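Work through the following exercises with the sequence and the model side by side. Try each task before reading its solution.

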Amino acid sequence: MDVERVFHMTGGVGVTSYAQNSSLQKKVSDKVKHITLDTIQELYLTTTPKSLGIADLGCSSGRNTLSIVRDLVDIIVGTSRRIMQTSAPPEFRVYLNDLPTNDFNTIFKALPDFYRELQRVTSYESTPSPSIYIAGYPGTFYGRLFPDKCLHFIYSSNSLHWLSKVPPALYNKQGRSINKGCIYLSKSSPQMVSQAYFKQFQEDFHLFLRSRSEELVTGGRMVLIMLGRRDLDHFDRGNAFLWELLTRSFKILVSQGEVEEEKFDAYDVHFYAPSKDELEDEVRREGSFEMKRLEMFEIDKEVGEGTSYGTAVATAVRAIQESMLCHHFGEEILDNLFEHYGRLVDEEMAIEEIRPITLVVVLSKL
């Protein structure tokens, strides 16, 4: 499956859209917002550019996209006035990047209101609001996107755990998956499966770092937030276990004759949750960045009133995976699949807590 041509968050603002089902992702970015804002503030104070280049890689669509942009602009405008004591903050060049199939139109439609609100909150006495230029930049971030040394700050949240493709080494000479009966790493997966996923992560993350090193100015910063795992064990009761529950949900549909077993066996996800050690090793191996910070955290499990945690997880995963699932299985299975999935998550949470891990890393360009 061509990930770049098929994969995207569910667009629009409908019931199953990413815009309406990304509250868990917002919790993740909010949990480490202080790290993000401290990083760009430090960057601005040490480089004082007149034109600040910012890129959000894997921006998706919906309220989260422009929310982080406003936070970044607010902190720099405030810093320029309070600390730098300058009447004119820098201009902002903001590049919103995602795959070409992303729903950029929803973002663009929200820009007029965004600009008006930003002008209202950043105007100060007789000082005009800063100039902000926002553009969509479609394309995979596993490769070059921008001209040399045009960026000062790169932000990426909930994106880098997605690989550029399903690892080719998952398939034998006949094109059949060696991870039969699973859509991701599980306890029953052969050792070759974890090796295939890790190798693909290494290749992708190295290319990501190499590409960004050419686009960032010296001293530029990156804040990268991604799903991860606690240690070397690939199968823990965290992100890998959530994929295991989706596998079980598929097996229910197979047993009921709603999904062909052969079709199920042919489906694998392009996902990898690295450990802290794996991230550190890849940054060291690529050599263009200094690691300033690396932290591991969990988000709280509280969800809206009348909604279970399982339902919240199911709607979030559906908004993320719907494009790939529809392409492979057809959309008619989705309602039943995610009804089973939400129920299984709640049942397992009643037995023992599921604890997905997220990593945040701050890098400085050498």
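Contact here means heavy atoms within 4.5 Å. This is a predicted model, in which local features need pLDDT of at least 70 and side-chain atom pairs count only at pLDDT 80 or more, while totals for chains, interfaces and linings use all residues. Residues are numbered from 1 along each chain as its sequence is written, and side-chain values use heavy atoms, with hydrogens and water left out.

**Exercise 1.** Find what share of the contacts between residues at least 6 apart in sequence joins residues at least 24 apart.

**Exercise 2.** Compare the radius of gyration of the chain with that of a compact globule.

*Solution.* The radius is taken over C-alpha atoms, and the globule rule is 2.2 Å times the number of residues to the power 0.38. For 366 residues the rule gives a value near 21 Å, and because the chain has 21 Å, the two agree. As a further step, the C-alpha atoms fill a box of roughly 70 × 45 × 35 Å along the principal axes.

**Exercise 3.** Describe the largest nonpolar core and the surroundings of F205.

*Solution.* Such a core is a set of buried Ala, Val, Leu, Ile, Met, Phe, Trp, Tyr and Cys residues joined through side-chain atoms within 4.5 Å, where buried means under 20% relative accessible area (1.4 Å probe, protein chains only). The largest core has 79 residues, and F205, F208 and Y341 have the most contacts inside it. Leaving out residues up to four places away in sequence, F205 touches Y142, L160, L224, M226, L279, E282 and V283. Apart from this core lies another, of 35 residues, including L111, L118, F297 and V360.

Methods:
Buried < 20%, exposed > 50% of the residue type's maximum accessible area, 1.4 Å probe, protein only.
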